[in-house]
Amino acid sequence: MKRIKFLLVISVLVLALGVVSLGALAADKPPVVIGLQGPITGAWAYEGQMAKQSCEIAAQLINESGGILGGRMIEIRVADDACEPKAGALAAMKLISQKDVVASVSTYGSSVCEPASNLYEKFKKVNIAYGSTAVRLTERGLKYFFRTCGIDSAQGIFFADYVPRVFGAKKIAIMHDNTTFAKGVAEETKKALQPKVDAGEVEIVYYDAITPGEKDFSVPLTKVRETNPDVLYFTGYYPEAALVVSQARDIGIDCPFVGGNAAINDEFVKIAGLEKAKGCFMTQEPMPAELPYPESKIFLDAYKAKYGEIPSSPWPVYAADALNIIAYAIDKTGSTNSDVLAEYLRNEVNAVPGVTGSIGFTEKGDREGVPYLMYVVNEEGTFDIYNK
Amino acid sequence: MRIFLEQMLNGLTIGSFYALIALGYSMVYGVMKLINFAHGDLFTLGSYLGFTLLVWGNAYVTSHVGLAGGMIAAMLIAAIGIGTAGIIVERIAYRPIYPAGRLPAVVSALGVSIFLENIIMVLWGPRYQAYPVNVVPTLRFEIGGIHITLLQIVILILSFILLAILYYIVQKTTFGAAIRASALDRDTAALMGININTIIFFVFALGPALGGTAGVMVGMYYRQISFTMGWNYGLKAFTATILGGIGNIPGAMVGGLLLGIFEMLGSAYISTAYKDVFVFLILILVLIFRPRGLLGEKVAEKV
Amino acid sequence: MKLNKNIILKNWPIFIVTIILSVFPFMVNNYWIDVFFFFGIYALLGLSLNIVLGEVGLFDLGHMGFMAIGAYTTAILNTHFGIPIIFLIPVSALAAAGFAWLVCFPIIHLRGDYLAIVTIGMGEIIRITLINNPFGITGGPNGVFGIDFLSFGGPLVIDSSIESYFVIWIVVGLAILALINLQRSRIGRAWNYIREDEIAAESTGIDVRYYKLLAFVLGAGLAGIAGNIYASKLMIVSPESFSFMESCMLFCIVLIGGMGSIPGVLIGAAVISLFPEVFRTFAQYRMLIFGAAMVAMMIFRPSGIWPRRRGAVEFKSLLMKAGE
């Protein structure tokens, strides 16, 4: 008997919760609700929480200047996906099923973005990614998917052009960590270097993956050392990057170290230690500190006022721009209909000033004209654009 | 050849960490027949305790006892702290479950593991933390073409001292004999007059204490710690325990060192990406052809 | 079994649950339907592990590996060769079952904890191999994408939340019926005997090796089916979904629910899959509470929420037989 009661109680509780989740309070002038999907918990909580804070500042700035659609305020609804595909699908569904969510800023990890964007497409909701750079995402012919960040192939092309030319590198070692993102960048770089390899100018002396979450890379790095590379390019994330550079220096790899755009942030400097971090390079979209636009200054000042420091990586700022462009589209079209918005974003949005520069989308949904720069870690542990 | 030697050093360093953690698993399993899944997280907790002392208490400690003293202090505090934690975990989460059998204990251990991992995240934050750089001065040597750092030498020496001490206790003292007897057959050992409660206390204090010390050493060596790192180390250490023969304490040491070396071999000569596959395959082969592990004794099955 | 009044009265909890589950999706939004879909997947997986762990008592901590085989078989054959999902259900089951047979054959004699570590190793080997994209077919960490929906031909394509919900729960229902029959059969009794006392079982002539392998093969096959349904719902499979942690969760489902108990497994699956969703509001404390709850559960109710009523049933049925 006890068991049955227990089971009934659980069923009733769950049903009640389900019904409760349906309710939505109608307000006087209802806010425009924009969803935000990202890794608020989990291994990338740091990035996810910065993105959330960025969107909040962006919304705050819009609301302070009167809102959109004749005085309606922007409200952000957050769904945590912990950077895991299944949780991403559920988070997307959570936002989709809430009728008042107009569009979604989603998400950080490429492998999470994929199933989530499929769902948004099926249920016809505009979604703009801010950190998912895998090339494949815009190769699917989706109508409602866009992104304000760059793509991996652009980064690979930049590296392949810049490094042999500016560093004079002939022997290049490439290391990744087998994640969707890092492997993607590594593959694109390899592809972009292929013409130079064929012409005999460049040789890829090492191409292998380390396992993320591990700490000891002494063994693969010893292998790298034996190939005597002119440059070591690591495309993985900052926790491993810091360890890689630290251990590389310990075992005698003295060549320049270049990280990809997920490898270097202030955590990297902290973990590797200033001594080893300074002089490291990275291929990166422009960092928040570099953004020269008036909109950037307003945004960063507001962000700093509330949180004490500016975001330490570019992705949160792309998230803010995703929110900005959605709000812009809603305001200009006067509509919250997904088809109208998608059409407007794709065809009419052109050189709209945003925090990260002028925003425009290609036919496929990629951000137009994202530049890449080579940064170097300076004596204080912050990042400067490398001038050679 | 010299590359091989250098890689061997790398393998031994990794292996010594596995060995220290594996000891904790082996001791607990041997006496209690319980796989303490929380052991990896106790190791992580030790690492964080050391971090707290060295980073937040830094000036105070080193100004009083100098760098080396700071390091020893961190390890001692981690050892005592985690030893205590081990006993607390045993009292709260395992002792009430002994009568229920072994499988509920596994679930409880998993629960403790999840709990500890998240408590660390709540208390210290989800960001990676970093040990200070100069706990041991960063000096690089090149001996006969082999690169080695001062830190690596210190760590290796410390690990081997700890392993040697434990080996001595377990193999050469009466108390050690009592532990081995309890691992072999707990009930008979009790009948022989061995105070099982003392053994349990000792095993749950010393095993985690070693793990905690290993945590500080890992923190010093790799400098980066995170609340999820216990999982990986725990799994590898458990593998090492089985490799050496579960319940066998020297076996855990041998298993740990061998595992480090196998991992190194797989990574250096086959493929870094597949190294874990290589390690597990070796393990499975060993278990098929020598199921009691490398040093395990053939125990007759009671009918 | 004739469906008469007595049967319904005796088994009324089952009917209540069936009715609730059938009506539920029409009352809530798509998000909750999806949550319950995943609940169904976990239930199916829990049932498949229950065969190995609950009935026979084999320490399997790598069960997600079998699901991964089923899911990837479906994904690869569907995207590369265009084979419809519906034909891939038995194919995935066979692939997973075949793999289980091949792999467990040399290790089935291992004692409890050794088997545990070997199954962990197996699960990890599968996961790492999938990540590394051997022969270029598994898509590496990206996984395989573009998987079709399940279709029964014509207009009946399972592409909405509510339809996949019913698919999984019908499969779970069928699995339960099959498992109940197994439980009451010679095979089920042999399994339980092996769990209770392997040596005695062997000495009464039960081929222990055969029955253990059978359990693994059946459990793997069922997990393979779960993998197929999961793949066609998400339209993408990636290695991260099949980690060691997930295998541990399956283990907990069986133990928390009650070993060998089918209603227990369902409750266990509910707890494991619904708990994180329900407690989303607690954010970072969510997993903390979860871990503590697991420990508390084992302290206060180690036999599970709904343990298998064993002796009582057999005795009662003996009495009933004697009274005829």
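Select strand β13 (residues 373-377) of chain A together with β14(A), and you will find the two paired in the antiparallel sense over 3 bridges, where strands are DSSP E runs of at least two residues, helices are H or I runs of at least four, and both are numbered from the N terminus. Pairing here requires that DSSP finds at least two bridges between the strands. Within this pair, pick Val376(A), whose bridge partner in β14(A) is Asp384(A). The model is a predicted one, in which local features need pLDDT of at least 70 and side-chain atom pairs count only at pLDDT 80 or more, while totals for chains, interfaces and linings use all residues. Residues are numbered from 1 along each chain as its sequence is written, and chains are lettered from A and ligands numbered from 1 in the order in which they are written.

Now widen the selection to the sheet, which is open, has 7 strands in the order β7-β6-β8-β9-β10-β13-β14 (chain A), and shows mixed pairing. Its edge strands, each pairing on one side only, are β7 (203-209) and β14 (383-385) of chain A. From one strand to the next the twist averages 25°, with axes taken as lines fitted to C-alpha atoms, for helices over the stretch in contact, and angles running from 0 to 180 degrees between N-to-C directions.

Next, stop at some loops of chain A. Lys124(A), in the loop between α4 and β4 (126-129) of chain A, has a positive phi of about 55° although it is not a glycine. Lys124(A) has 13 other C-beta atoms within 10 Å and is therefore partly exposed; a residue is buried with 20 or more such atoms within 10 Å, exposed with 12 or fewer, and partly exposed in between, the C-beta atoms being placed from the backbone. In the loop between α7 (218-226) and β8 of chain A, select Asn228(A), which also is not a glycine and has a positive phi, near 55°. Asn228(A) counts as exposed because it has 12 C-beta neighbours inside 10 Å.

Show chain A as a whole, and 13 helices and 14 strands can be traced. Of its 388 residues, 56% count as buried.

Move to chain C and select helix α7 (residues 161-184), whose 24 residues reach 35 Å from first C-alpha to last, close to the 34 Å expected at 1.5 Å a residue, the expected span being 1.5 Å times one less than the number of residues. Among the buried residues of α7(C) are Tyr165(C), Ile168(C), Trp169(C) and Leu179(C). The buried residues of α7(C) pack against α2 (12-23), α3 (30-55), β3 (157-158), α8 (186-196), α10 (208-234) and α12 (262-278) of chain C.

Finally, colour the interface in which 30 residues of chain C are in contact with 35 residues of chain B, contact meaning that C-beta atoms, placed from the backbone, lie within 7 Å. On the chain C side, the elements giving two or more residues are α6 (112-131), α11 (244-257) and α13 (286-300) of chain C, and α6(C) gives the most, with 10 residues.

Technical notes: Contact = placed C-beta atoms within 7 Å.
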